[in-house]
Amino acid sequence: MVRPPELLEDVLDGIDALLVFSPSGAYYDRAKDVEGADVVVVAPENAVGADEFVELPLAFDDVKERIRFGIEGALTEGVVDDGDELGCAAPLFGDDIDMVARTKVDESRHSGIYDLFANSRAEPGVIRDVFEVAIELGKKGQKGEPIGALFVVGDAGKVMNKSRPLSYNPFEKSHVHVGDPIVNVMLKEFSRLDGAFVISDSGKIVSAYRYLEPGAEGTDIPKGLGARHMAAGAITRDTSAVGIALSESDGLVRAFKNGELVLELDPEEY
Amino acid sequence: MPVDYTQVADADFRYLFAAVVFFTGIVFGYLVGRVNERLLRAMDVDDAVEGTTIDQMARDVGSSTVSLVARLTSWIIYAFSALVALEVAQLTVQDAVWYPIVGFFPSLVVAVVVLFAGVLLGDKAELLVGERLRSVKVPELTLIPLVVKYSVLYVAVLIALSQVGVAVDALLILLLAYVAALILFTAVGTRHLLTSAAAGVYLLLRQPYGIGDRVAIGDHEGIVQEVDVFVTHVEENGREYVVPNHLVFRRGVVVVRE
């Protein structure tokens with residue numbers, strides 16, 4: 001006769017570190033003194049005051065994505081090393097932790113998502129807000145029709161100098177920031193316009209209607225993506241901005257950094 | 001001033017009357033206490049004082065701040081009605097003793113209430129400031145919430161003492177010196193921040209230059225990356241200059257157009 005917890009023992013046996021996703025304070029208090037493994041908290045904010053903490057900027061609905069992000073974060077922060085065995089405890093169905101998983105840190109699968117948020121010029125919160133706007137746009141579209149959009153976030157001064165206006169700038173002399181409540185509606189209306197949105201490091205919407213003119217040589221993006229994605233890839237190669245593109249044809253949100261595709265998200269999954 | 005009750009009735013009636021006064025007082029006090037508790041809860045005072053030391057102390061003895069305050073008002077009325085009843089029954093031996101005390105009673109109550117409110121307010125201010133500063137991880141900053149708390153307490157004690165008629169002139173002068181020093185140091189310390197903010201408001205309203213423009217402010221020439229209330233970020237060749245906005249006004253700004 002075995003008790004159910006004993007069946008799961010080998011899942012967490014011999015792990016080097018335990019990633020705990022969004023734990024409650026009481027759970028963390030129980031977990032922090034666990035023997036033989038480091039405890040790393042992965043959560044939107046460090047509410048439990050953990051020493052080793054990885055910020056989760058997006059509410060990944062897919063647990064696999066969330067765990068991959070957590071691992072990349074822990075790897076980038078130097079909390080875990082390549083080849084470490086990891087245990088993960090995360091909430092899956094409810095708000096409390098209700099699943100455990102085991103995985104291995106594999107540096108070759110490093111995609112740079114964490115790097116996109118943590119080491120970009122723009123503030124992580126701004127990138128997250130832009131992602132949220134893009135996901136929202138992707139979900140709802142404009143009057144039911146799918147729409148495309150391109151946001152260039154960070155390094156706005158340089159981006160402005162590598163682009164030209166297609167028409168008057170509707171954000172001239174305005175002080176709108178992404179994350180302001182009114183922005184979703186405004187961007188939805190303006191995304192009908194052609195061209196890119198330029199957003200500064202602190203989240204101020206500098207301009208809409210920009211035609212990007214970066215040098216596109218050497219930009220390596222997957223074949224089959226259109227001009228919008230090519231422009232996004234190219235501008236991030238020329239500047240230290242992050243490009244976030246919503247595709248009109250397949251409805252996916254893609255992020256580019258240093259001329260490379262870093263992250264691909266399906267808005268329907270959020 | 002003593003009132004002569006002998007004309008009203010004889011001794012038996014006086015005792016009866018005193019008993020009626022006393023019990024009315026008890027009932028009245030109890031009711032006022034209950035209404036007070038309801039009122040305080042309706043005004044969400046119990047939420048507002050949660051986590052302060054007084055509230056924790058009240059919880060330790062199995063009560064709460066709100067019911068303690070309500071109990072206190074009840075007891076004040078009980079005591080008062082007992083005094084009146086004694087007076088009515090003419091049981092006081094030396095009535096002269098009571099009057100100064102009874103006359104002193106209201107200001108004592110006010111003093112206690114002020115002290116109580118001061119302690120609550122101080123605790124609350126300490127919590128608020130502490131929460132604000134929590135994200136800033138500088139250990140020395142834990143001093144600031146304490147300073148705020150004791151400043152509030154000091155003022156409360158001052159008001160309470162002046163209520164009960166203690167000479168507080170020296171303490172008042174100390175308070176004035178403290179406030180004057182605070183204002184002086186803030187003004188001197190944040191002079192540049194204030195002038196920068198004033199200039200920043202102009203820059204944000206009029207936007208003589210915007211993000212992407214090439215400008216020269218003083219010795220720094222580059223592309224504007226960010227303008228906020230206090231500073232302008234100017235970048236050139238991988239160097240980002242953070243220029244305080246008051247410099248924009250003092251040194252002037254050159255907008256470079258190619």
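**Exercise 1. Determine how helix H5 (residues 124–140) of chain A and helix H7 (residues 183–190) of chain A are placed relative to each other.**

*Solution.* 
Step 1. The axes of helix H5 (residues 124–140) and helix H7 (residues 183–190) of chain A come within 10 Å and cross at roughly 60 degrees. These values are computed from a predicted model.

Step 2. Angles from 65 to 115 degrees count as roughly perpendicular and those under 35 as roughly parallel.

Step 3. The crossing of H5(A) past H7(A) is right-handed.

Step 4. On the side of H5(A), the contact is formed by A:Val133, A:Glu136 and A:Leu137. H7(A) contributes A:Val183, A:Asn184, A:Leu187 and A:Lys188. Sorted by class, the contact of H5(A) with H7(A) has four nonpolar, one polar and two charged residues.

**Exercise 2. Describe the packing of helix H1 (residues 11–42) of chain B with helix H4 (residues 65–89) of chain B.**

*Solution.* 
Step 1. Two packed helices are described by the angle between their axes and the distance between the axes.

Step 2. For helix H1 and helix H4 of chain B, the angle is about 165 degrees and the axes are 8 Å apart. An angle over 145 degrees counts as roughly antiparallel, and this makes H1(B) roughly antiparallel to H4(B).

Step 3. H1(B) passes H4(B) in a right-handed crossing. The contact between H1(B) and H4(B) comprises 21 nonpolar, eight polar and four charged residues.

**Exercise 3. Work out the arrangement of the five-stranded sheet of chain A, and state which strands stand at its edges.**

*Solution.* 
Step 1. The sheet is open, its five strands follow the order S3-S2-S1-S4-S5, and its pairing is mixed.

Step 2. Strand S3 (53–55) and strand S5 (99–104) of chain A each have a single partner strand, so they stand at the edges, and one side of each has no neighbour in the sheet. From one strand to the next, the twist averages 25 degrees.

Step 3. Strands of a sheet pair through backbone hydrogen bonds, either parallel or antiparallel. Strand S4 (residues 85–90) of chain A pairs with S5(A) in the antiparallel sense over six bridges; A:Ala90 stands opposite A:Met99 in S5(A). S1(A) pairs with S4(A) in the parallel sense over four bridges, and the bridge partner of A:Ala17 in S4(A) is A:Leu86.

Step 4. Helix H3 (residues 63–76) of chain A packs on the sheet, where it touches strand S1 (17–21), strand S2 (38–43), S3, S4 and S5 of chain A. The direction of H3 makes about 130 degrees with that of S4(A).

Step 5. S4(A) is mostly covered, with five of its six residues buried.

**Exercise 4. Summarise the make-up of chain B.**

*Solution.* 
Step 1. Chain B has nine helices and five strands. From the N terminus, its elements run α-α-α-α-α-α-α-α-β-β-β-β-α-β.

Step 2. Chain B has 258 residues, of which 19% count as buried.

Step 3. Consider the contacts in chain B between residues at least 6 apart in sequence: 61% of them join residues at least 24 apart.

**Exercise 5. Identify which helix gives the largest share of the side of chain A that touches chain B.**

*Solution.* 
Step 1. Eleven residues from chain A and ten residues from chain B take part in the contact.

Step 2. Helix H6 (residues 156–161) of chain A gives the largest share of the chain A side, five residues.

Step 3. By class, the chain A side that touches chain B divides into three nonpolar, five polar and three charged residues.

Notes
Residues are numbered from 1 along each chain as its sequence is written. Chains are lettered from A and ligands numbered from 1 in the order in which they are written. This is a predicted model: local features need pLDDT of at least 70, side-chain atom pairs count only at pLDDT 80 or more; totals for chains, interfaces and linings use all residues. Helices (H or I, at least four residues) and strands (E, at least two) are DSSP runs, numbered from the N terminus. A residue is buried if 20 or more other C-beta atoms lie within 10 Å of its own, exposed if 12 or fewer, and partly exposed in between; C-beta atoms are placed from the backbone. Two residues are in contact if their C-beta atoms, placed from the backbone, lie within 7 Å. Axes are lines fitted to C-alpha atoms, for helices over the stretch in contact, and angles run from 0 to 180 degrees between N-to-C directions. A crossing is left-handed if the near helix is turned anticlockwise from the far one by less than a right angle, and right-handed if clockwise. Ala, Val, Leu, Ile, Met, Phe, Trp, Tyr, Cys and Pro count as nonpolar, Asp, Glu, Lys and Arg as charged, and the others, Gly among them, as polar. Two strands pair if DSSP finds at least two bridges between them.
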